[in-house]
Amino acid sequence: MAHDLVIVANRLPVDRVKGPDGKTTWRRSPGGLVSAIEPVMRAHDGVWVGWPGGTEQRLKPFKDDGLALVPLSMTAEEIEEHYEGFSNGTLWPLYHDVVAKPEFHREWWDTYVKVNRRFAEKAADLAAKGATVWVHDYQLQLVPQMLRELRPDLRIGFYLHIPFPPAELFQQLPWRRQILEGLLGADLVGFQLPGAAQNFIRLVRQRVGHKTHRDLVYLPDGRTVRAAAFPISIDAAGFQEMAESEAVTERAAAIREALGNPKKIFLGIDRLDYTKGIYARLRAFGELISDGRLTVDDAVFVQVAVPSRERVEHYRNLRDDIERLVGRLNGDLGRIGRPAISYLHTSYPREEMAALYRAADVMVVTPYRDGMNLVAKEYVACRIHEDGALVLSEFAGAADELRQAWLVNPYDMNGMKAALLEAYEAEPKELARRMKAMRKQIAQHDVKAWADSFMTELEDEGNNHRKTLRPADRS
Ligand code: F6P
């Protein structure tokens, strides 16, 4: 069946899970993207193409809660070379300010091309005449061009969820031109921040040689491509509602109680990723205790580290480093029943996250580089009493919007310590002033507004492109 909207993302919005009875079922992924895209999918008779995780082959298209899903299988080698390799061993560190050293391997690139082609072919099969295809993220940057070659009648949008690096870094990539040309297959290329869109436009001018003007690229065939910022957000009302519920309120009180009702709780929730700055923030907190500025009776740091990409070496090393640090800090600074750090290596459902947000007095989000960081926004949405402090890295996309946070440079240990202490000591009036402003921002710019603005813009750009098509290619 042909669809008017095709969503193409590396992962499906559901995970394959094994129940206690050994049977496998599908469970909706917790991410905000799913709830953002869902209404758009329903409104446009959409279908979602993605990898279901694992190596299971020959999975059939299916429906989950009314959503049409098409699993695209990967072999063990493709997972190793496309997902773990080129996507997460080359592009991820390169696009995040080379916080870790990117590796460049020609076999990884070859498999990235192969997997991108399979996604493009599947999307081409599923799309109705003149349909809209929305491609997501760094794992699939070649899909727009491949798809346009197969189906010039389509309206193609691409959205990059992670940062797009400055030219000085991007230029290291041996396949830089192919990636830029891949993205130029889209009518609209969306980024988190205006700076990323500008980086892209500049690179297209320098490396591909196309004419550009402001946010537009002029291609030799007469087509134009627009590159612009669409900062992603969360379902703010949904989080607020959950935070207000009796179950979450009770659970938040139980969490405080279980932690020994300290004066203040610091909280970090991150995928266990080297871009997130977990190690440095725990060190800063540890130093505040060893300096005597905080005590373990008054304060505890709850760090939730969500397991991620565990077969990639950098990630395995990071886990070892962090867990060694936590052990050392607790051994040196903690007392019986009063650890300095309460460390949890696990993932939680949204309700438990909301309870943690409600329980925490100081939320600490200190990535070295982050496309947006939705945890910061979720914390704000859950602070229904307009209290609580947010300590936020200047290098997270969210810092552009959440200006009233305590903004920090995660490389500056003393600066980070000072901000943690200020946030800890802030008066309720000051907290309310800051939180009120941030809550207003989040309420007005939620994920629905994000999806709507991208789709509207894509429609406009697509119409523009269709004017340049030969009549035979038009729907
Ligand atoms: O932020 C980029 C992203 O790819 C998200 O889309 C995803 O939720 C997260 O990183 C984890 O990615 P994965 O487990 O698919 O590697």
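Q: At what angle do helix α8 and helix α12 pack, and how far apart are their axes?

A: In this predicted model, for which local features need pLDDT of at least 70, side-chain atom pairs count only at pLDDT 80 or more, and totals for chains, interfaces and linings use all residues, helix α8 (residues 236-244) and helix α12 (residues 350-359) pack at about 75°, with their axes 9 Å apart. Residues are numbered from 1 along each chain as its sequence is written, and side-chain values use heavy atoms, with hydrogens and water left out. The axes are lines fitted to C-alpha atoms, for helices over the stretch in contact, and angles run from 0 to 180 degrees between N-to-C directions. Helices (H or I, at least four residues) and strands (E, at least two) are DSSP runs numbered from the N terminus.

Q: Why are α8 and α12 called roughly perpendicular?

A: Angles under 35 degrees count as roughly parallel, over 145 as roughly antiparallel, 65 to 115 as roughly perpendicular and the rest as oblique. The angle of about 75° is therefore described as roughly perpendicular.

Q: Which residues of α8 and α12 meet, and what classes do they belong to?

A: With contact meaning heavy atoms within 4.5 Å, F239, M242, A243 and E244 in α8 meet R350, E351, A354, Y357 and R358 in α12. By class, this contact has five nonpolar, no polar and four charged residues, where Ala, Val, Leu, Ile, Met, Phe, Trp, Tyr, Cys and Pro count as nonpolar, Asp, Glu, Lys and Arg as charged, and the others, Gly among them, as polar.

Q: What makes G54 partly exposed?

A: Buried means under 20% relative accessible area, exposed over 50%, and partly exposed in between (1.4 Å probe, protein chains only). G54 has a relative accessible area of 39%, and is therefore partly exposed. G54 is found in the loop between β4 (46-51) and β5 (62-64), and touches M74 and I79, not counting residues up to four places away in sequence.

Q: Why is D291 called partly exposed?

A: The relative accessible area of D291 is 47%, so D291 is partly exposed. D291 has its place in the loop between α10 (278-290) and β14 (299-306).

Q: What is the phi of D97, and what is the phi of E386?

A: Phi of D97 is near 60°, a positive value in a residue other than glycine, and E386 has a positive phi of about 55° although it is not a glycine. Most residues other than glycine have a negative phi. D97 lies in the loop between α2 (76-95) and α3, while E386 lies in the loop between α13 (374-382) and β17 (389-393).

Q: How many residues does the largest nonpolar core have, and which have the most contacts inside it?

A: A nonpolar core is a set of buried Ala, Val, Leu, Ile, Met, Phe, Trp, Tyr and Cys residues joined through side-chain atoms within 4.5 Å. The largest one has 108 residues, and those with the most contacts inside it are F164, I179, F200 and F266. Helix α3 (residues 106-126) gives the most to this core, with 10 residues.

Q: Why is this core said to lie between domain 1 and domain 2?

A: Domain 1 (3-232 + 449-466) and domain 2 (236-444) both give residues to this core, so it lies between them; the domain bounds come from an automatic or database domain assignment.
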